[in-house]
Amino acid sequence: MGDVQRIRSVIRRRAAAGEADELAVELLKLAAGNRGHWVRPWDGVLDEVRSLPSESRAALAEALVTQYHADEAGPAARGNALTLIGVIARGLPGDRLSAERLKRLDELGRRHTLWYGERHELLAEAELAAGRSLAPAVVAAFRRSALPAYPDKALAVFAAKLTEPVLNVGEEWAERAMRDTRDIPDQQALLRHATTATAAKPTRQWEQQARTLIEPIGADRVRAVLLPWLTLVGRRTFELDRREYESDVNSSYDPYNANALRGVTWVLALLPAHPDTARALGTLVETSLRKVAGIGPRSPKVANAAVTALSRIDGGPALAELARLATRVTYKGTLKLLDTALRTRAEALGMSRAEIEELAVPAYGLTEVGRAEQQLGDVTAVLEVQGAKVVLGWRNSAGKAVKSVPAAVKRDHAEELKELKAAVKDIDKMLSAQSERLDRQFLADRTWPYAVWRERYLDHPLVGTLARRLLWTVDGTTVGFADGELRTLAGDPVPEGAEVRLWHPVGHEPAEIVACRDWLERHGITQPFKQAHRELYLLTDAERATGTYSNRYAAHVLRQHQFNSLAAIRGWRNKLRLMVDDTAPPATRELPQWGLRAEYWIHGEGDGYGEDTTESGSYLRLTTDQVRFYPIDAAENSAHCSGGEYDMWLRDGAAPVESVPLADVPPLVLSEVLRDVDLFVGVASIGNDPTWQDGGPEGRFREYWTSYGFGELNQSAETRRATLERLVPRLAIADRCTIEGRFLHVKGERHTYKIHLGSGNILMTPNDQYLCIVPKAGPAAPQTGYLPFEGDRLLAVILSKAMMLADDTKITDPTILSQL
């Protein structure tokens with residue numbers, strides 16, 4: 001503070017003496033010292049120069065212009081001179097350095113936010129005082145900069161004056177919205193009202209004003225205008241400059257526009273229910289929760305607003321979207337809103353949450369299980385579910401299949417065609433969601449009355465395509481759907497029953513499990529997920545010895561962010577480990593039907609910031625430890641993020657709760673929890689990455705990578721091995737393939753190759769030389785004929801590699817050829 005007082009005294013003395021040139025130099029030196037950040041107490045210096053007489057300010061402004069043009073002036077000095085001139089020249093005649101100021105403002109328009117201490121609003125105010133408007137991109141930068149919870153007051157006051165354009169440019173949806181409403185006052189008024197959606201929920205006054213604005217336009221017109229905007233959310237029209245260490249701002253939402261987007265969802269909730277609205281809001285939730293490096297989900301507040309809107313819309317389509325999203329969303333805050341919305345609907349109807357999810361699944365126009373036909377003039381459209389996808393086909397008037405959409409349909413039935421294509425997308429999304437929901441039913445321990453089950457599952461137009469590919473028990477008898485009927489494994493029809501359960505291999509003899517697999521194969525049924533081939537994780541001697549914990553999946557190195565995503569998808573709760581002095585609970589899955597909580601103990605790995613962490617400080621990798629079970633109401637354990645013992649955090653002198661002996665955990669629960677953990681390790685382990693042959697940073701993971709990438713098979717890999725033993729003899733390359741131990745051996749012309757069945761890593765003759773082949777994302781399943789189940793990506797990778805290596809003389813990829 002003393003320095004500021006001294007400098008203010010120098011300013012007064014220099015100004016009184018007419019030493020404008022010297023004062024200009026001193027002010028620029030001061031700006032260089034504080035790096036142009038005029039925050040307290042240095043803002044007092046600006047107050048002092050503002051208070052100078054106009055003659056002194058004019059002389060000082062001219063002196064700063066001279067300094068700006070000096071040969072020795074660098075970019076920082078010129079920027080500081082522009083800022084100081086903006087302060088000093090307020091109210092003075094003339095427009096100093098206007099071209100230079102405009103250029104500087106244009107540069108600011110390419111930034112996401114501005115540091116308030118740089119006082120860029122002074123440049124903008126000078127531009128406005130000269131009678132010119134600011135470029136839309138510059139307005140956007142100031143608006144974004146004023147949005148933090150505690151912005152600089154001067155910056156916030158200035159940004160509030162910027163009322164044009166209505167939204168920030170740079171996002172496709174916002175620019176489309178402004179174009180659509182530019183010449184239509186009623187619609188523009190509604191868009192402006194949407195920008196005032198700055199709270200978590202709309203007030204009664206906000207909604208009343210929205211209804212008043214909707215009325216002259218009409219609900220149908222409002223819907224027709226707003227919904228196309230939502231299809232463009234997430235796309236940019238130009239890129240912002242990304243500074244060093246700045247997060248990926250170009251993949252996130254503009255926070256100013258996000259308020260307006262939230263307001264759009266509130267408006268849609270006030271309109272009569274419509275399938276297109278539910279569809280658009282559901283997509284918006286997923287788009288808004290897509291993760292961005294260094295930020296996390298793009299905009300949880302927009303996702304939450306869309307969920308709130310869906311929860312307020314009556315009818316089946318909105319409820320279906322809520323149920324579908326509940327199986328897909330992993331972000332904790334949004335998932336809580338979804339759970340509340342579904343539970344509220346269930347309570348209103350006197351049902352359980354599980355029942356409301358079952359009833360929420362629409363037919364999407366399917367008139368029989370997995371199929372629908374629609375006549376469009378002389379052409380017949382055929383919707384047919386084929387496995388995990390739905391196919392839209394066409395037949396001409398003669399009943400002959402045609403490959404593409406007939407021209408007459410495009411011309412005369414454009415709206416029906418649009419709805420059919422939308423149904424295809426909806427069904428694909430819902431099939432995936434329902435498959436995941438069914439896969440979770442094993443631990444839900446559900447039973448159904450026979451008639452209810454047939455209606456909601458076996459004979460449901462959409463869910464039936466999944467249910468008819470699964471095994472069930474009717475009054476204790478294992479049954480499946482084949483040849484148009486529900487049948488026992490012996491082939492006898494099952495006309496009715498009392499109680500139905502989803503079949504699980506736990507508790508069944510090996511001979512019966514094999515019989516189930518044979519029955520599925522005999523009828524050519526590909527299951528939507530592993531059921532008859534589901535891995536069993538029974539208690540081992542080592543686990544009987546440890547008693548209360550399993551070390552089966554300890555000492556692995558996992559990619560943290562991939563593990564975190566998998567855990568969320570499978571219903572586990574986890575907290576990312578940061579390289580900070582803090583604690584975190586283990587990854588946990590609550591099992592309320594069983595009164596248990598499963599825990600997987602994990603720790604951050606590494607100690608090099610940047611090398612072992614992301615830019616935001618979260619660990620790139622984890623090391624794994626024990627799996628334990630506790631009573632569901634037991635206090636939570638925690639450990640330091642970087643490692644150490646887990647301890648139970650207790651209150652009021654409560655005694656610690658011991659973990660449940662593994663022998664007391666129901667076998668189905670133990671098997672399903674360990675199967676989840678096996679999945680986490682099998683997918684997220686660095687041992688699966690073919691590019692990690694060097695062992696990663698400093699080679700410290702080389703031993704682990706080798707032991708995992710070519711070591712003993714885990715349970716899921718053993719299942720893969722058993723599947724390949726039945727599958728390989730049917731392949732066109734069968735004479736070149738054998739399965740021995742942990743490997744699929746493939747005889748090519750150049751080498752013989754060994755593909756590890758657990759990791760997909762490859763060794764080749766001679767001397768077991770490593771061959772690195774990085775699979776493409778989402779490899780297409782090779783033409784192998786019948787597969788007993790869907791969802792094993794690594795099985796598809798192994799088969800693709802085998803097909804390529806069996807014909808290795810036709811390989812053209814230079815990266816692979818250089819290794820052969």
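I looked up helix α8 (residues 136–145) and found this helix mostly covered, with nine of its ten residues buried (under 20% relative accessible area with a 1.4 Å probe, protein chains only). I noted that helices are DSSP runs of H or I with at least four residues, and strands runs of E with at least two, numbered from the N terminus. The model is predicted, so I kept in mind that local features need pLDDT of at least 70, side-chain atom pairs count only at pLDDT 80 or more, and totals for chains, interfaces and linings use all residues. Residues are numbered from 1 along each chain as its sequence is written, and side-chain values use heavy atoms, without hydrogens and water.

Among the buried residues of α8 I listed Val 138, Phe 142, Arg 143 and Arg 144. The buried residues of α8 pack against α6 (98–108), α7 (121–129), α9 (153–160) and α14, where contact means heavy atoms within 4.5 Å.

I then turned to Arg 262, in helix α14 (residues 255–269). Arg 262 is buried yet has no salt bridge, and Asp 254, the nearest side chain of opposite charge, is 12 Å away. A salt bridge requires a side-chain nitrogen of Lys or Arg within 4 Å of a carboxyl oxygen of Asp or Glu. Leaving aside residues up to four places away in sequence, I recorded that Arg 262 touches Ala 197, Thr 198, Ala 199, Ala 200, Lys 301 and Ala 305.

Last, I checked an open sheet of five strands, with antiparallel pairing in the order β20-β21-β22-β23-β24. Strands β20 (737–740) and β24 (769–771) stand at the edges with a single partner each, so one side of each lacks a neighbour in the sheet. Strands pair if DSSP finds at least two bridges between them; I found three between β22 (residues 752–756) and β23 (residues 762–764).

Conventions. Buried means under 20% relative accessible area, exposed over 50%, partly exposed in between (1.4 Å probe, protein chains only). Lys and Arg count as positive and Asp and Glu as negative; His and the chain ends are not counted.
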